[in-house]
Amino acid sequence: MAKRVAILISGGGSNMEALVRAMQQKDYPARPVLVLANTPEAAGLARARRLGVAMAVVDHRDFSGARHAFEAALEAALQTAAPDILCLAGFMRILTPAFTARWQGRVLNIHPSLLPRYQGLNTHARALAAGDTEAGCTVHQVTAALDDGPILGQARVPILPGDNAETLAARVLEQEHRLYPAVLGRFAQGDRRPVFLP
Ligand code: GRF
């Protein structure tokens with residue numbers, strides 16, 4: 001039975017689209033049941049509409065910092081879709097330990113660095129500033145600690161002479177779109193072996 005997947009977004013939704021397109025393939029072990037955005041301005045909502053996936057918006061600004069109330073509204077929206085798995089895809093809100101505990105083992109996130117290096121924001125600028133010769137992305141299970149859960153997959157890219165944060169981000173994003181569907185497909189079958197893409 002295909003696992004039911006809700007995808008949480010805040011922005012453009014290109015990772016969401018990569019996941020949905022993978023789930024629309026025959027025999028893929030998961031299917032999208034909801035795209036949930038924390039802002040009505042998320043451009044990914046238009047992508048979700050074009051892809052024919054149900055959408056919901058729970059605007060975090062309606063809860064003026066009351067994280068638990070925001071998360072209760074998130075879970076009310078999720079309840080209808082009854083997902084087995086949550087995929088955070090450019091979702092820019094930090095979830096409380098209470099939420100991650102309730103969803104323990106069922107939430108994935110993609111992060112644009114080779115964790116454990118560069119948890120948090122501005123990962124590409126930090127890799128460039130450090131003089132790294134490679135960068136990449138990581139899919140991990142979401143736990144109470146930010147960008148710190150068990151790693152489920154990674155993909156690497158070279159850092160090239162002349163790269164800036166934008167050119168590097170674009171190169172990494174291409175790999176994100178390969179990695180996330182590969183990891184979700186394995187995760188949905190109960191296989192926790194990490195995926196390392198060449
Ligand atoms: C990606 O780089 C992802 O790694 C980071 O935010 C970006 C989301 O892009 N969390 P998109 O919204 O999936 O296009």
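Predicted model: local features only at pLDDT ≥ 70, side-chain atom pairs only at ≥ 80, totals over all residues.
Reader: Why are α1 and α2 called roughly parallel to each other?

Author: Helix α1, residues 14–23, and helix α2, residues 44–51, pack at an angle of about 20 degrees, with their axes 9 Å apart. Angles under 35 degrees count as roughly parallel, and α1 and α2 are therefore roughly parallel to each other.

Reader: Which residues of α1 and α2 make the contact?

Author: On the α1 side the contact is made by Ser14, Met16, Glu17, Val20 and Arg21, and on the α2 side by Gly44, Arg47, Ala48 and Leu51. Sorted by class, this contact has four nonpolar, two polar and three charged residues.

Reader: What makes Gly44 of α2 count as polar or nonpolar in such a tally?

Author: The classification places Gly among the polar residues, so Gly44, a member of the contact, is counted as polar.

Reader: Which residues are around the ligand?

Author: Gly12, Gly13, Ser14, Asn15, Gly90, Ile110, Pro112, Leu173 and Glu176 are the residues around the ligand. Ser14 is also one of the α1 residues that make the contact with α2.

Reader: What does the side chain of arginine 171 make a polar contact with?

Author: Arginine 171, which is found in helix α6 (residues 165–187), makes a polar contact through its side chain with the side chain of aspartate 163, at 2.7 Å. Apart from its neighbours within four places in sequence, arginine 171 is in contact with Val157, Pro158, Ile159, Leu160 and Asp163.

Reader: What kind of peptide bond joins leucine 115 and proline 116, and where does proline 116 lie?

Author: The bond joining leucine 115 and proline 116 is a cis peptide bond, with omega about 10 degrees, and proline 116 lies in the loop between β5 (107–111) and α5 (123–129).

Reader: What is the phi of serine 64?

Author: Serine 64, although not a glycine, has a positive phi of about 25 degrees, and this residue lies in the loop between β3 (55–57) and α3 (67–81).

Note on methods. Residues numbered from 1 in each chain as written. Heavy atoms only, no water. Axes fitted to C-alpha atoms, helices over the stretch in contact; angles between N-to-C directions. Helix = DSSP H or I, 4+ residues; strand = E, 2+ residues; numbered from the N terminus. Parallel < 35°, antiparallel > 145°, perpendicular 65-115°, else oblique. Contact = heavy atoms within 4.5 Å. Near = heavy atom within 4 Å. Polar contact = N/O pair within 3.5 Å; in protein donor to acceptor, adjacent residues only side chain to side chain.
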